[in-house]
Amino acid sequence: MHAESLPAGKAAALKAFEGMAAEPGVPKPDPILVVDNVVRRFGGLTAVNVNHVEIQRGSITALIGPNGAGKTTFFNQLTGFDTADEGQWTFNGRNMNGVSAYKVARQGMVRTFQLTKALSKLTVIENMRLGAQSQKGENFFRGLIPGLWRGQEDEITAKAEDLLQRFKLDAKRDDFAGSLSGGQRKLLEMARALMGDPQLVMLDEPMAGVNPALTQSLLGHVKNLRELGMSVLFVEHDMDMVRDISDWVIVMAQGEVIAEGPPDSVMSDERVVDAYLGAHHDAPLSAEEEERQLHEAEAELDKESTE
Amino acid sequence: MDWTLIFSRAVEAGIGSEAIIYALAAIGLNVQFGYTGLLNFGQAGFLAIGAYAIAVTVATFGLPFFLGVGIGLLLAVLMALLLGIPTLRLRADYLAIVTIAAAEIVRLVVRSVALSDTFGGTDGLQAFSGAFYDLNPYPPGEYGIPPIIGFDNRSMWVLTVGWALVAIASFILFMAMKSPWGRVLKAIREDEDAVRSLGKNVFSYKMQALVIGGVIGSLGGFIFALSRSAVQPDLFSTDLTFYAYTVLILGGAARILGPIVGSMLFWLLLIFIGTGMEEAVNSGAITFITVNQVGAIRLMLVGLGLMLLLIYRPQGIFGDKREISIDAR
């Protein structure tokens, strides 16, 4: 792949990460989100214990880890859907701990959910309109006088139709969201999140339950967010997807950030392998290692037979 | 059998003060349960507050009637806030538990012996509706379409004010539910976390729904008190709330006309069946039950009808089949 063929956003993100140390908590040149000492306990279990992590602005950062690593819990802390027991984090330099979920969203940090939350008894276009911020008619008294919000509603609708077209949902405009397929709901949820012009889009397992035919289109949309100047942080299990679209990968295990690095190299990091397979695994790490173990075993056998 | 009497009673009930009271109670529930998904099982408490506010202000303290109306509305708002602040952040069923208890608290307070000087104990209060009937523009006489409908001038005044309140409340809700405000409510009914993630203050919207529904319920309480010129605490037991839910589901939740038509139909059918059976027993057409048993059998038939309705038409009369079928998927 040639450097000049990369889209501008991707190139900029890669440049930012160039030569960065692949260490947990490494400082980034222009972080949009900085997290310090976030702890969340459920009884005796420490679900999240993140010392320090920074998310680079304008990049796509993946958050991976084995099941139960605390990724979704960490997501919930950051977006105000759950309260952290300790710690603080800043978004665009503003302190966000203890800020309620709706205020987090208003500040430009919008999330989606692992189990898609399309509002199924609302039509697709109503779902989209709901994503818009500061619609005046969302006040009860102003809502009673259509003249006060009609104009704004028309603008919102135009914007929504534009987004629906981009996400190829325009044919479904007036259908109930409940009639969409799983993948289309994911698309709708993402499109709806964009109605609020977020700066940081947080996607919780965007590929879960999506039919493979839609995966490519969804990937394209995520990449496009970066080109539009947004930052993306996503949780994902599908490693092919992580390798394909992310600029930087953060690995969590047992509530802690254990490694960070570029997608190509982070998966061979010893700590990551340990986390996924267990520290005392017997499986060979690479072809050379496998060969070496084989030689050792053969040598031992030879020794025994000569004795 | 006197069919004229049966039809006359049924039609009068369908447009009478009962229909108004239950329509208002159900309109309030419609805002809370139908549109927002809040399970308020204490609507009877809001009606009690409305009714007793007028009665106590006028009969006990001798203050002006309209001050009582104002106090009733204010207390309904306060009651909604009091219930909502601790419970609306919790799961929906907590609100159901707290509201049913709160309504019972209101009833038990107003019927208590210790406070009977203020609230009149189990006998309730009378003689507070003079100022209301002084405003009656209808001269004494019989009104209606003989031989089916006939109301005296006092009933006419209650019906006029009552149906006007129903119309005003419904019109306001019609405008509100069409607006982006209504859209947020409907979205909260579906999934409040999704709405929160889109930057809406879910708590505030749920509180608004609780307050608006409670205030509309208290309007029903005003009509309840004025139509009878008396209040008794046991009229505001939990039955009232469950009848109001019945009315709402019969008409179709989350529809503007649902509670109105539901209430009219509910009372029409209830009285039609009741009077019909009484007449049949009296004329000897039905011999295996006595007149005293009619009341209980009538309620059984209503229950049966409701079960059939929920099984075969759960969306009620005006509901949208599509909205239901998506959930059942």
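In what order do the six strands of the open sheet in chain A run? The order is β6-β7-β8-β3-β9-β10, and the pairing is mixed. The model is a predicted one, in which local features need pLDDT of at least 70, side-chain atom pairs count only at pLDDT 80 or more, and totals for chains, interfaces and linings use all residues. Residues are numbered from 1 along each chain as its sequence is written, chains are lettered from A and ligands numbered from 1 in the order in which they are written, and side-chain values use heavy atoms, with hydrogens and water left out.

**The sheet of chain A**

Select the six strands of the sheet in chain A. Strands here are DSSP runs of E with at least two residues, helices are runs of H or I with at least four, and both are numbered from the N terminus. Two strands pair if DSSP finds at least two bridges between them. At the edges stand β6 (109–111) and β10 (256–261) of chain A; each has a single partner strand, so one side of each lacks a neighbour in the sheet. From one strand to the next, the twist averages 20°; angles run from 0 to 180 degrees between N-to-C directions, and axes are lines fitted to C-alpha atoms, for helices over the stretch in contact.

Next, select β7(A) and β8 (residues 231–235) of chain A, which pair in the parallel sense over five bridges. A:Leu203 stands opposite A:Phe234 in β8(A).

**Two residues with positive phi**

Most residues other than glycine have a negative phi. Select A:Glu205, in the loop between β7 (200–204) and α8 (212–227) of chain A. A:Glu205 is not a glycine, yet its phi is positive, at about 50°. Its relative accessibility is 9%, and A:Glu205 therefore counts as buried (under 20% relative accessible area is buried, over 50% exposed, in between partly exposed, with a 1.4 Å probe and protein chains only).

Move to A:Ser134, in the loop between α4 (124–130) and α5 (140–143) of chain A. Its phi is also positive, near 45°, but A:Ser134 is exposed, with a relative accessible area of 61%.

Select α9 (residues 180–190) and α11 (residues 202–228) of chain B, whose axes come within 10 Å and cross at roughly 100°. α9(B) is therefore roughly perpendicular to α11(B), a term for angles of 65 to 115 degrees.

Select B:Pro147, in the loop between β2 (142–143) and β3 (151–152) of chain B. The peptide bond from B:Pro146 to B:Pro147 is cis, with omega near 5°.

B:Pro64 is in the loop between α3 (43–60) and α4 (65–87) of chain B and counts as exposed at 51% relative accessibility. Its C-alpha is 9.6 Å from that of B:Phe128, 64 residues away in sequence.

**The interface**

Finally, display both chains: 31 residues of chain B and 34 residues of chain A take part in the contact. The buried area is about 3,000 Å², 64% of it from carbon and sulfur atoms; buried area is the accessible area (1.4 Å probe) that two parts lose on being put together, summed over both. B:Arg183, B:Glu190 and B:Leu198 supply 23% of the area that chain B buries against chain A, more than any other three residues.

Conventions. Parallel < 35°, antiparallel > 145°, perpendicular 65-115°, else oblique. Contact = heavy atoms within 4.5 Å.
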